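Colleague: I would like to learn how to read a structure, one feature at a time. Please give me the general idea, then the case.

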Amino acid sequence: MTNYTIPATQKAAVISKAGGTVEIKTDHPVRAQKDLLPGECLVKLDCSGACHTDLHAAAGDWPIPAKLPLIGGHEGVGTVVAIGDNTTNSPVKLGDRVGIKWLADSCLNCEQCRKGREQNCDQAKLSGFTVDGTFQEYVVSYVNHVTLIPEGIPSDEAASVLCAGVTVYRAIKHSQTEAGDWIVLPGAGGGLGHLAVQYARVRGLRVIAVDTGADKKELCLKLGADKWIDFKETKDLVGEIKAITGGAGAHSAVVTSASATGYTQAVDYLRPGGTLMAVGLPGDAKLEASIFWTVLKNVSVIGSYVGNRQDAREAIDIAARGQVKVHFATRPLSELKDVYEGMKEGKIAGRIVLDMSKQ
Ligand code: NAD
Ligand code: ZN
C-alpha cells in the first residue's frame, strides 16, 4: 500500500465572518491520518471549480447560514491520501482519484437515502457549507460519498461536473421531456447552464439558450444550442420562445440563473403539460407564477437539488466519454476573491477552476 507524506499545514481560503472577504492562509492545519474518524478520508486536491453557491455561502445571502469560519468549495478532484482507521467496506482505497461534490456525506439508511434523495437526508453534510470544502489543498471527505473519477478525463476537466454537471444532469433527467422536445435554459452561459446545454443535447433535446452578452452567446451556440435569446435585449421573451416553438411554447425550462428574474415568465412560455425545473437559488425570492395558468395548462413545477451518488456517476461517465465538456479557465486559489467579483458581475462564461499547484 502506498504511504503518502502529509504536511501539517497547507494553503486554504478561509472566510471568518458572514459577508466577509476570503483570506488566503498558508498555515492552515491539515487533519492527520490518526485524527480521521472511521468513514473519513483525506483527499489531496488537484483543483476545485468555483460555483455560484460558494458565493452565496460567502455572502451569507441564503435563509440558512454556513458554518463559520468556512472553507468553501464543492467541485474538487484529487487523490485519496489517507483513510480513517476502522473504516469498513470502503468503496475507495489509497491512491484513487476521486471527486468531492456538494453532498459530502449522508447516512444511507434513512427513508430519503433509501429513496435515492440522499441530498435530503437529515444527517447530510455539505461540502463548503456545513463542513469545510475544497478551497484548500487537503480536504477531509467521506469514503461512501466521494465519486471515483474514470481514467481519461483530466482532473481540471472533471471538477465542475461534480456540482454544475451533476445538478443539471439530474434536473434535465427529471424534466419530463423526450428527444426532440424544446427546453429553455435561462442562465445558459453560466457554470451550470453551459453544461445544461450539452446534457440536454445528449438527450436529444432542442435547446433555447437564454443569457446575456456576446461571449455567452458564442459559447452556447458553439456547444450546440439551437437558438439564443439575450434576456437584456429581448422585448418579448414569451413571444420569441413561442415563435421558435411553432406557437405552442417549450416543453420544459431548467432555470439556473442565480437571480429571480430568470424564473419570470417561465409558466407563460411553457406549453400545456410543460415542466419548470427550479435550480437557481436566489435566497429571498418567491416563485411568481399565475396559479390560474399553472392549473389550466397542467404545468409541473419541480425543485431540483444537486444529485445523489448515482447521478454523479452518470454525469461524470458522460463527461469522461467526451460527450460533455466543461468550458473553463484556470486560476490560482489566491485569486478566489477576484473570481467572486467576476461572478457577481456576471462576467464568467462557463466556469473558473482553481488549480492548487498554481501560486
Ligand atoms: P453563474 O453565475 O455561473 O451562472 C448564472 C447565469 O445566469 C449567468 O450567466 C447570468 O448571466 C445568468 N442570468 C442572470 N439573470 C438571468 C436572467 N434573467 N435570464 C437568463 N439568465 C440570467 O452561476 P452557477 O454557478 O451556474 O449557479 C447558478 C445558480 O444555481 C446559483 O444560484 C447557485 O447557487 C445555484 N445552484 C443550485 C444547485 C441546486 O442543487 N439546485 C446546485 C448548484 C448551484
Ligand atoms: Zn455548486
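**Reading a helix, a metal site and a residue**

Modeller: Start with length: the expected span of a helix is 1.5 Å times one less than its number of residues. The twelve residues of helix α10 (residues 309-320) should therefore span 16 Å, and its end C-alpha atoms are 16 Å apart, which agrees. Helices (H or I, at least four residues) and strands (E, at least two) are DSSP runs, numbered from the N terminus.

This is a predicted model: local features need pLDDT of at least 70, side-chain atom pairs count only at pLDDT 80 or more, and totals for chains, interfaces and linings use all residues. Residues are numbered from 1 along each chain as its sequence is written, chains are lettered from A and ligands numbered from 1 in the order in which they are written, and side-chain values use heavy atoms, with hydrogens and water left out.

Colleague: Which residues of α10 are buried?

Modeller: Buried means under 20% relative accessible area, exposed over 50%, partly exposed in between (1.4 Å probe, protein chains only). In α10 the buried residues are Asp 311, Ala 312, Ala 315, Ile 316, Ile 318 and Ala 319. Seen down the axis of α10, they fall within an arc of 155 degrees (taken from the directions from the helix axis to the C-beta atoms), so they line one face of the helix. An α-helix has 3.6 residues a turn, so residues three or four places apart point the same way.

Colleague: What do the buried residues of α10 pack against?

Modeller: They pack against β9 (147-148), α3 (155-158), α4 (164-173) and α5 (191-202). After α10 comes Gly 322, with a positive phi near 85 degrees.

Colleague: Which protein donors does the zinc ion (ligand 2) have?

Modeller: Donors are N, O and S atoms within 2.8 Å of the metal (3.2 Å for Na, K and Ca); water is not among the atoms, so sites may look incomplete. Here the protein donors are Cys 51 (SG), His 74 (NE2) and Cys 163 (SG), lying 2.0 to 2.2 Å from the zinc ion. Cys 51 lies in the loop between β3 (40-50) and α1 (52-59) and His 74 in the loop between α1 and β4 (76-83), so the pair ties together parts that are 23 residues apart in sequence. Both Cys 51 and His 74 are buried.

Colleague: Is Gln 10 buried or exposed?

Modeller: Gln 10, in strand β1 (residues 9-15), is buried, with a relative accessible area of 3%.

How values were computed: Contact = heavy atoms within 4.5 Å.
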